[in-house]
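Work through the two exercises below with the structure in view. Each task is followed by a solution in steps.

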Amino acid sequence: MARFCMLLAPSSNRVYAGVAPQLAAAELAATWPVAEHVEPTVIAGVDYLTFDADEGALPTIARQSACFALFAREGELLRPVSLPDVYTLDDDLVTIPKYQGKTNEQFTQLLLNVTLAAVAREADGPRQVLDPLAGRGTTLSTALRLGHDAYGIELDDKAFEQMASFYKTYFRRKRLKHSADVTPVRRAGKSIGRRFDLTLDGQHATVFTGDTRASAELFGRKRFDAIVTDAPYGVAHGATSGGSKDRSPAKLLADAIPVWASQLKHGGALGIAWNTLGQSREDLTRVCERAGLVVEPWEFTHRVDSSIRRDVLVARKP
Ligand SMILES: C[S@@+](CC[C@H](N)C(=O)[O-])C[C@H]1O[C@@H](n2cnc3c(N)ncnc32)[C@H](O)[C@@H]1O
């Protein structure tokens, strides 16, 4: 066991920076449960997360959403520790797109990490990760960077187009060998939407346009290790149902969670970020339990702004 000090990544968002130390502690506790004496610490005016862990934790530490650098504490001194490179793609894949409604990048990685930590099945290749409310792809890019395959569904055609065109430009400019295509989706001779397919060296992504409640029809027999999503907050980005804005995403989640649960492999996990001011943890837990999922006791409650208090619920399919 060594005493480590993880230097927390500077956050461009001041509100998020304020809660980052607590969230970083909760993330480490969920993803490396054997870390001991986990505590946010300020050293010479700078935020660190300090904890005891063994060398085996280094890849998990490298993947922590807030990890900027790692030091081993030796008395009063901090000795730099090299971390393994756990990323298959550059961080600008996630940081370049800027748009209203984008989920905080650091938080997205936390959400993905804690959901994958709940998966109770051996990996037999890249993890199959679905974001069924994909927006312009923050979860998908985060999953791809960490070496997983990424799948998505998005109702908003414009968001889908912007995401597809960003990926096409990005991989062309980076001169990475890939294929990226948008093609129509037809059922019984009728066009029902579009799909985007991306193939990289050993990795894959597919995104459909459409309603997330139709996810099982769109993906057919495909099953996922993890379903990771940032639900609409019922504020600026309301859930759309029947063409009108439904300001409460609770109905959308009640309809969609049983569908998503049916798409998980056994041992797979669902991670949802949602606004607790619109729906309580107890209520969301009931929806997940009714869908046959077992909810983890982890909580990540934090304030985003006056109308959003965000939390993460992680549940496993037995
Ligand atoms: C909070 S945003 C997710 C943002 C995304 N993580 C990103 O960073 O781009 C929720 C997304 O859910 C989409 N959405 C809402 N209702 C939907 C539905 N019924 N089916 C599919 N997507 C839906 C919205 O268009 C929005 O893009």
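**Exercise 1. The ligand**

How many residues surround the ligand, and which are the closest?

Solution. This is a predicted model, in which local features need pLDDT of at least 70 and side-chain atom pairs count only at pLDDT 80 or more, while totals for chains, interfaces and linings use all residues. Residues are numbered from 1 along each chain as its sequence is written, and side-chain values use heavy atoms, with hydrogens and water left out.

Step 1. The shell holds 23 residues, and Tyr99, Thr103, Arg136, Thr138 and Glu154 are the closest.

Step 2. Sort the shell by residue class: 8 are nonpolar, 8 polar and 7 charged.

Step 3. Look for polar contacts (N or O atoms within 3.5 Å). Oxygen atoms of the ligand lie 2.5 Å from a polar side-chain atom of Thr138 and 2.6 Å from a side-chain N or O atom of Glu154. For Asp211, a side-chain N or O atom is 3.3 Å from a ligand nitrogen.

Step 4. Of the 600 Å² of accessible area (Shrake-Rupley method, 1.4 Å probe) that the ligand has on its own, the protein covers 95%.

**Exercise 2. The domains**

Describe how domain 1 and domain 2 meet.

Solution. Step 1. An automatic or database assignment gives domain 1 as 2–81 and domain 2 as 92–316. Their C-alpha centres are 27 Å apart.

Step 1. With contact meaning heavy atoms within 4.5 Å, 17 residues of domain 1 touch 16 of domain 2.

Step 2. The buried area (accessible area lost by both parts together, 1.4 Å probe) is about 1300 Å², with 64% from carbon and sulfur atoms.

How values were computed: Near = heavy atom within 4 Å. Polar contact = N/O pair within 3.5 Å; in protein donor to acceptor, adjacent residues only side chain to side chain. Nonpolar A, V, L, I, M, F, W, Y, C, P; charged D, E, K, R; others polar. Buried area = accessible area lost by both parts, 1.4 Å probe.
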